[in-house]
Amino acid sequence: MASPATYRYPETTALLEQAVRDRAFPGCAFAVLAPGEKVPSEGAAQAVGRFTYEPNSPRVEPGTSFDLASLTKVLATTMAVMQLYERGQVALDTPVPEWLPEFAAANSSDKRRAQVTVRMLLDHSSGLPGYARLFESACTRREMIGAAIHQPLTTDPGTRDEYSDIGFIILGRLIEKITNERLDTYCRREIFEPLGMRTAVYRPGPDARASIPPTEDDRTFRRRIIQGEVHDENASNMDGVAGHAGLFSDALDPLRVAGCMLTGGRTSAGTQLFSPQTIALFATRSLQPPGTSRALGWDTPSTPSSAGKLFSPRSIGHLGFTGTSLWIDLDAGVAVTLLTNRTWPDRSSQAIRELRPGFHDTLRRELSADHKN
């Protein structure tokens, strides 16, 4: 690994190099959108470590793409809903069965299902379970969506905040029903391309897979090394295209989304993709259920927060299971992406949880000092 002195943020880089030595993850890339910047510069990303812990493994480069895991929820699914809302194609308080009648029909005796709205799917208050191993009984994309839709409610809608992959699988299907096309096709044309996202993609092609760090030596489900294909088993059985996971990108592309959020919905080309009012709506913490930290699709800082102590209360962000994160400080005009493959060679390490707050605090201090100079 290079000396931290060769990096723009030496203290942050030294912290990440120590994390690699401590085997929190084999490698990582991070990128920063500094105050006043509308789009990230090519030099905004930095990298540390290798694809695996083997000394001859490829080095992670600033432009290396990673499996984003649940960052898919905000970079693809939430952005798509924002756009459909902006265009008047969906209302947030529309009951889900109006678009997906099968959601109510899945358990017609449970009248609560008719109360679940698009808003509740976005802020994780739908009453759906957080997770289910759907892949154990459903093999095809159609079967997987059906299994998600048939999941029973675990609580009354609107009464509890439970982060739900199931809810976002259903939300992804709802987007497909409204747009009459698959989620990846819609997002590429309507979100990724207008924002200038150069690497964001579902289902990387065979030629690209070797340039993506592996996420796991899977010895139980797929029984192979998972590299360049989605780590999440449910998303895998959905052909790699789902509302909750499946997106890959480098560290810069999430900052292109952040730049749009920070500039009132404008793309780098000057197109108004969203109105400032829509951005404010989706970035505002929900009032129900009481005590939730969720906004619409996004999370906001809680206590303690993975964003550390220096991101303002008016910040939004999200995490990904593979060791990824994006935080955007709407007051300071700062955004930070951290991408890792902390699930290699298996998902047992939880060191990323302790690392994230310190990473963000260290970087924000260095960014503040750099900005003053």
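This is a predicted model: local features need pLDDT of at least 70, side-chain atom pairs count only at pLDDT 80 or more; totals for chains, interfaces and linings use all residues.
Leu 75, Ala 76, Thr 77, Met 79, Ala 80, Gln 83 and Leu 84 of helix H2 make contact with helix H7, where their counterparts are Leu 183, Tyr 186, Cys 187, Glu 190, Ile 191 and Phe 192.

**How H2 meets its neighbours**

Helix H2 covers residues 72-86 and helix H7 covers residues 183-192. Their axes lie 10 Å apart and the packing angle is about 70°. Because angles of 65 to 115 degrees count as roughly perpendicular, H2 is roughly perpendicular to H7. The crossing of H2 over H7 is left-handed.

H2 also meets helix H11, which spans residues 276-283. Here the axes come within 11 Å of each other and cross at roughly 130°. That makes H2 oblique to H11. This crossing is right-handed. On the H2 side the contact involves Thr 78, Val 81, Met 82, Tyr 85 and Glu 86, and on the H11 side Thr 278, Ile 279, Leu 281 and Phe 282. The residues of the contact of H2 with H11 divide into 6 nonpolar, 2 polar and 1 charged.

**A closer look at Thr 78**

Is Thr 78 buried or exposed? Its relative accessibility is 0%, so Thr 78 counts as buried. Leaving aside residues up to four places away in sequence, Thr 78 touches Lys 73, Leu 122, Phe 168, Phe 282, Leu 296, Gly 297 and Trp 298. One of these, Phe 282, belongs to the H11 side of the helix contact described above. For a sense of distance, Thr 78 and Arg 141 are separated by 63 residues in sequence and by 21 Å in space, taken from C-alpha to C-alpha.

**The five-stranded sheet**

Now turn to the strands. The model contains an open sheet of 5 strands, in the order S2-S1-S10-S9-S8, and the pairing is antiparallel. Strand S2 (45-49) and strand S8 (315-320) form the edges, each pairing on one side only. From one strand to the next, the twist averages 10°. In general, strands of a sheet pair through backbone hydrogen bonds.

| Strand pair | Sense | Bridges | Residues facing each other |
|---|---|---|---|
| S1 and S10 | antiparallel | 6 bridges | Ala 29 with Leu 339; Cys 28 with Thr 340 |
| S1 and S2 | antiparallel | 5 bridges | Ala 31 with Ala 45 |

How many of the residues of S1 are buried? The count is 7 of its 7 residues, and the strand is mostly covered. In a regular strand the side chains alternate between the two faces of the sheet. In S1, Gly 27, Ala 29, Ala 31 and Leu 33 point one way, while Cys 28, Phe 30 and Val 32 point the other way. The residues on both sides of S1 are buried.

Methods: Residues are numbered from 1 along each chain as its sequence is written. Side-chain values use heavy atoms; hydrogens and water are left out. Two strands pair if DSSP finds at least two bridges between them. Helices (H or I, at least four residues) and strands (E, at least two) are DSSP runs, numbered from the N terminus. Axes are lines fitted to C-alpha atoms, for helices over the stretch in contact, and angles run from 0 to 180 degrees between N-to-C directions. Angles under 35 degrees count as roughly parallel, over 145 as roughly antiparallel, 65 to 115 as roughly perpendicular and the rest as oblique. A crossing is left-handed if the near helix is turned anticlockwise from the far one by less than a right angle, and right-handed if clockwise. Contact means heavy atoms within 4.5 Å. Ala, Val, Leu, Ile, Met, Phe, Trp, Tyr, Cys and Pro count as nonpolar, Asp, Glu, Lys and Arg as charged, and the others, Gly among them, as polar. Buried means under 20% relative accessible area, exposed over 50%, partly exposed in between (1.4 Å probe, protein chains only).
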